[in-house]
Amino acid sequence: ILAEWLSDEGAVFRGVRACAAAEPSRAPTVVFGVDLAERQNFTVVAGLDARGHWTYFDRFHDVGWPTQKARLQGLSRKYGGVPLLVDSTGLGLPVVQDLQAAGVPATGFVFTPASRTELINGLVVAVEQRQVRLPDEPVVLNEFEAFDFARKAAGDIRFSQTGQAVYGGASGGTHDDCVMAFALAWRALVVPGLAVGEPTEVEYEGFVLWIARARAAPYVVAP
(Lines give C-alpha, C1' and ligand atoms only; values in the text may rest on other atoms or scores of the structure.)
Protein backbone atom coordinates (compact mmCIF):
# COMPACT_ATOMS: atom_id res chain seq x y z
CA ILE A 1 0.00 0.00 0.00
CA LEU A 2 1.41 3.39 -0.96
CA ALA A 3 0.53 6.81 0.38
CA GLU A 4 -2.48 8.03 -1.57
CA TRP A 5 -1.43 11.67 -1.42
CA LEU A 6 1.16 11.05 -4.14
CA SER A 7 -0.21 12.13 -7.51
CA ASP A 8 0.67 10.29 -10.71
CA GLU A 9 3.31 12.81 -11.80
CA GLY A 10 4.91 15.80 -10.10
CA ALA A 11 7.56 17.19 -7.83
CA VAL A 12 8.41 15.17 -4.76
CA PHE A 13 9.94 17.83 -2.49
CA ARG A 14 7.95 20.98 -1.79
CA GLY A 15 9.30 24.00 0.00
CA VAL A 16 12.95 23.07 -0.47
CA ARG A 17 14.16 26.68 -0.52
CA ALA A 18 12.54 27.32 2.86
CA CYS A 19 14.79 24.59 4.29
CA ALA A 20 18.01 26.12 2.96
CA ALA A 21 20.62 27.37 5.44
CA ALA A 22 23.76 29.15 4.27
CA GLU A 23 25.87 28.12 7.26
CA PRO A 24 26.21 24.71 8.88
CA SER A 25 24.93 24.17 12.38
CA ARG A 26 27.51 24.55 15.15
CA ALA A 27 25.83 21.79 17.16
CA PRO A 28 27.49 18.36 17.26
CA THR A 29 27.06 16.06 14.28
CA VAL A 30 25.12 12.97 15.35
CA VAL A 31 24.70 11.08 12.05
CA PHE A 32 26.20 10.88 8.58
CA GLY A 33 24.49 9.67 5.42
CA VAL A 34 26.77 8.47 2.61
CA ASP A 35 25.71 7.86 -0.99
CA LEU A 36 28.60 6.06 -2.70
CA ALA A 37 29.80 6.28 -6.29
CA GLU A 38 33.15 5.89 -8.01
CA ARG A 39 33.08 7.03 -11.62
CA GLN A 40 29.76 7.98 -13.21
CA ASN A 41 28.06 9.69 -10.27
CA PHE A 42 29.20 11.54 -7.15
CA THR A 43 29.86 10.32 -3.65
CA VAL A 44 28.07 12.61 -1.20
CA VAL A 45 28.48 12.72 2.57
CA ALA A 46 25.83 14.56 4.59
CA GLY A 47 25.96 15.25 8.32
CA LEU A 48 23.06 16.30 10.57
CA ASP A 49 22.79 17.47 14.15
CA ALA A 50 20.11 16.25 16.58
CA ARG A 51 17.61 18.81 15.25
CA GLY A 52 18.08 17.79 11.62
CA HIS A 53 20.21 20.82 10.68
CA TRP A 54 23.08 20.18 8.30
CA THR A 55 26.53 20.19 9.85
CA TYR A 56 28.65 18.68 7.10
CA PHE A 57 28.47 18.37 3.32
CA ASP A 58 31.02 16.93 0.91
CA ARG A 59 30.64 15.88 -2.73
CA PHE A 60 33.38 14.35 -4.84
CA HIS A 61 33.79 12.49 -8.10
CA ASP A 62 36.18 10.03 -9.76
CA VAL A 63 37.84 8.95 -6.52
CA GLY A 64 38.86 5.31 -6.09
CA TRP A 65 37.45 3.08 -3.36
CA PRO A 66 40.65 2.95 -1.25
CA THR A 67 40.74 6.75 -1.04
CA GLN A 68 37.03 6.95 -0.29
CA LYS A 69 37.35 4.42 2.54
CA ALA A 70 40.32 6.34 3.96
CA ARG A 71 38.31 9.58 3.87
CA LEU A 72 35.36 8.00 5.66
CA GLN A 73 37.63 6.47 8.29
CA GLY A 74 39.22 9.85 8.86
CA LEU A 75 35.81 11.50 9.08
CA SER A 76 34.69 8.97 11.67
CA ARG A 77 37.79 9.61 13.79
CA LYS A 78 37.47 13.38 13.48
CA TYR A 79 33.87 13.38 14.69
CA GLY A 80 34.38 10.92 17.52
CA GLY A 81 32.76 7.83 16.08
CA VAL A 82 29.53 9.33 14.75
CA PRO A 83 27.52 6.56 13.03
CA LEU A 84 27.38 6.40 9.24
CA LEU A 85 24.44 5.04 7.23
CA VAL A 86 26.00 4.05 3.92
CA ASP A 87 24.63 2.97 0.57
CA SER A 88 25.62 -0.70 0.43
CA THR A 89 24.00 -1.51 -2.90
CA GLY A 90 26.24 -3.43 -5.30
CA LEU A 91 29.86 -2.35 -4.93
CA GLY A 92 28.97 -0.42 -1.79
CA LEU A 93 28.73 -3.63 0.24
CA PRO A 94 32.47 -4.41 0.38
CA VAL A 95 33.13 -0.75 1.19
CA VAL A 96 30.80 -0.97 4.19
CA GLN A 97 32.33 -4.29 5.25
CA ASP A 98 35.85 -2.84 5.09
CA LEU A 99 34.77 0.19 7.12
CA GLN A 100 33.23 -2.06 9.75
CA ALA A 101 36.38 -4.19 9.87
CA ALA A 102 38.36 -0.98 10.48
CA GLY A 103 36.18 -0.12 13.46
CA VAL A 104 34.05 2.53 11.75
CA PRO A 105 30.43 2.54 13.02
CA ALA A 106 29.02 2.11 9.52
CA THR A 107 25.71 0.45 8.70
CA GLY A 108 24.73 -0.53 5.17
CA PHE A 109 21.46 0.39 3.49
CA VAL A 110 20.49 -1.57 0.37
CA PHE A 111 18.51 0.39 -2.21
CA THR A 112 15.52 -1.56 -3.50
CA PRO A 113 12.27 -0.15 -4.94
CA ALA A 114 10.58 -0.56 -1.53
CA SER A 115 13.42 0.69 0.66
CA ARG A 116 14.15 3.63 -1.64
CA THR A 117 10.50 4.69 -1.58
CA GLU A 118 10.45 4.47 2.21
CA LEU A 119 13.67 6.45 2.47
CA ILE A 120 12.49 9.27 0.20
CA ASN A 121 9.04 9.46 1.79
CA GLY A 122 10.65 10.11 5.15
CA LEU A 123 12.66 13.02 3.79
CA VAL A 124 9.64 14.37 1.89
CA VAL A 125 7.78 14.79 5.18
CA ALA A 126 10.84 16.35 6.84
CA VAL A 127 11.15 18.96 4.08
CA GLU A 128 7.44 19.79 4.05
CA GLN A 129 7.37 20.10 7.83
CA ARG A 130 10.57 22.20 7.81
CA GLN A 131 12.22 19.71 10.14
CA VAL A 132 15.45 19.51 8.16
CA ARG A 133 17.93 22.18 7.13
CA LEU A 134 19.85 21.73 3.88
CA PRO A 135 22.94 23.50 2.52
CA ASP A 136 22.11 26.62 0.56
CA GLU A 137 24.12 25.29 -2.37
CA PRO A 138 22.81 25.29 -5.97
CA VAL A 139 23.84 21.68 -6.55
CA VAL A 140 21.84 20.53 -3.51
CA LEU A 141 18.73 22.63 -4.02
CA ASN A 142 18.60 21.92 -7.76
CA GLU A 143 18.77 18.18 -7.16
CA PHE A 144 15.90 18.32 -4.69
CA GLU A 145 13.76 20.43 -7.00
CA ALA A 146 14.49 18.22 -10.01
CA PHE A 147 13.55 15.04 -8.18
CA ASP A 148 10.22 13.63 -9.33
CA PHE A 149 8.31 10.37 -9.47
CA ALA A 150 6.13 8.34 -11.78
CA ARG A 151 3.67 5.64 -10.83
CA LYS A 152 4.34 2.38 -12.67
CA ALA A 153 1.50 0.37 -14.14
CA ALA A 154 1.91 -2.19 -11.34
CA GLY A 155 1.14 0.53 -8.80
CA ASP A 156 4.52 1.06 -7.19
CA ILE A 157 6.46 4.31 -7.28
CA ARG A 158 9.71 4.93 -9.08
CA PHE A 159 11.68 8.02 -8.16
CA SER A 160 13.77 9.75 -10.79
CA GLN A 161 14.98 13.09 -12.00
CA THR A 162 12.66 15.20 -14.14
CA GLY A 163 12.11 13.57 -17.52
CA GLN A 164 13.84 10.32 -16.66
CA ALA A 165 12.30 7.01 -17.63
CA VAL A 166 14.71 4.68 -15.82
CA TYR A 167 14.06 3.85 -12.16
CA GLY A 168 16.58 5.45 -9.86
CA GLY A 169 18.99 6.50 -12.58
CA ALA A 170 20.40 9.84 -13.62
CA SER A 171 20.47 11.28 -17.09
CA GLY A 172 20.90 14.56 -18.87
CA GLY A 173 23.66 15.61 -16.46
CA THR A 174 21.32 15.50 -13.45
CA HIS A 175 22.19 13.50 -10.35
CA ASP A 176 20.35 12.47 -7.19
CA ASP A 177 23.37 11.81 -4.97
CA CYS A 178 22.75 14.77 -2.64
CA VAL A 179 19.13 13.79 -2.19
CA MET A 180 20.03 10.21 -1.32
CA ALA A 181 22.80 11.20 1.10
CA PHE A 182 20.50 13.51 3.06
CA ALA A 183 17.73 10.90 2.93
CA LEU A 184 20.13 8.38 4.48
CA ALA A 185 21.21 10.88 7.14
CA TRP A 186 17.60 11.68 8.00
CA ARG A 187 16.75 7.98 8.22
CA ALA A 188 19.68 7.42 10.60
CA LEU A 189 18.52 10.36 12.72
CA VAL A 190 14.85 9.40 13.12
CA VAL A 191 15.20 5.61 13.16
CA PRO A 192 18.35 5.02 15.25
CA GLY A 193 19.40 1.45 15.83
CA LEU A 194 16.82 -0.12 13.51
CA ALA A 195 17.79 -2.71 10.93
CA VAL A 196 17.92 -0.97 7.59
CA GLY A 197 17.14 -2.17 4.10
CA GLU A 198 13.91 -3.40 2.59
CA PRO A 199 11.15 -3.11 5.21
CA THR A 200 8.73 -5.85 6.11
CA GLU A 201 5.11 -5.46 5.00
CA VAL A 202 4.03 -4.52 8.53
CA GLU A 203 6.84 -1.96 8.90
CA TYR A 204 6.07 -0.41 5.52
CA GLU A 205 2.32 -0.10 6.12
CA GLY A 206 3.02 1.48 9.49
CA PHE A 207 5.45 3.95 7.91
CA VAL A 208 2.87 4.98 5.26
CA LEU A 209 0.31 5.56 8.01
CA TRP A 210 2.83 7.73 9.88
CA ILE A 211 3.45 9.76 6.71
CA ALA A 212 -0.29 10.32 6.19
CA ARG A 213 -0.67 11.56 9.77
CA ALA A 214 2.42 13.77 9.57
CA ARG A 215 1.22 15.37 6.35
CA ALA A 216 -2.09 16.30 8.00
CA ALA A 217 -0.31 17.93 10.95
CA PRO A 218 0.59 21.65 11.04
CA TYR A 219 3.99 22.65 9.71
CA VAL A 220 6.72 22.83 12.33
CA VAL A 221 9.37 25.45 11.69
CA ALA A 222 12.71 24.37 13.09
CA PRO A 223 14.40 27.10 15.17
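Strands are DSSP runs of E with at least two residues, and helices are runs of H or I with at least four residues, both numbered from the N terminus. Two strands are taken to pair if DSSP finds at least two bridges between them. The model is predicted, and local features need pLDDT of at least 70, side-chain atom pairs count only at pLDDT 80 or more, and totals for chains, interfaces and linings use all residues. Residues are numbered from 1 along each chain as its sequence is written, and side-chain values use heavy atoms, with hydrogens and water left out.

In the hairpin of β4 and β5, five residues lie between the strands, and Gly52 takes a positive phi near 90 degrees. Strand β5 (residues 54-61) is joined to β4 by seven bridges in the antiparallel sense. Within this pairing, Leu48 stands opposite Trp54 in β5, and Phe57 in β5 is the bridge partner of Ala46. Strand β3 (residues 31-35) also runs antiparallel to β4, with five bridges between them; here Val31 stands opposite Leu48 of β4.

Strand β4 (residues 42-48) is largely enclosed by the rest of the structure, because seven of its seven residues are buried (under 20% relative accessible area, with a 1.4 Å probe and protein chains only). Phe42, Val44, Ala46 and Leu48 are buried on one side, and Thr43, Val45 and Gly47 are buried on the other, so that both faces of β4 are covered.

An open sheet of five strands has the order β5-β4-β3-β6-β7, with mixed pairing. Strands β5 and β7 (106-109) are its edges, each pairing on one side only. The twist averages 15 degrees from one strand to the next, where axes are lines fitted to C-alpha atoms, for helices over the stretch in contact (heavy atoms within 4.5 Å), and angles run from 0 to 180 degrees between N-to-C directions. Helix α2 (residues 92-101) lies across β6 (84-87) and β7, running at about 165 degrees to β7.

Note on methods
Buried < 20%, exposed > 50% of the residue type's maximum accessible area, 1.4 Å probe, protein only.
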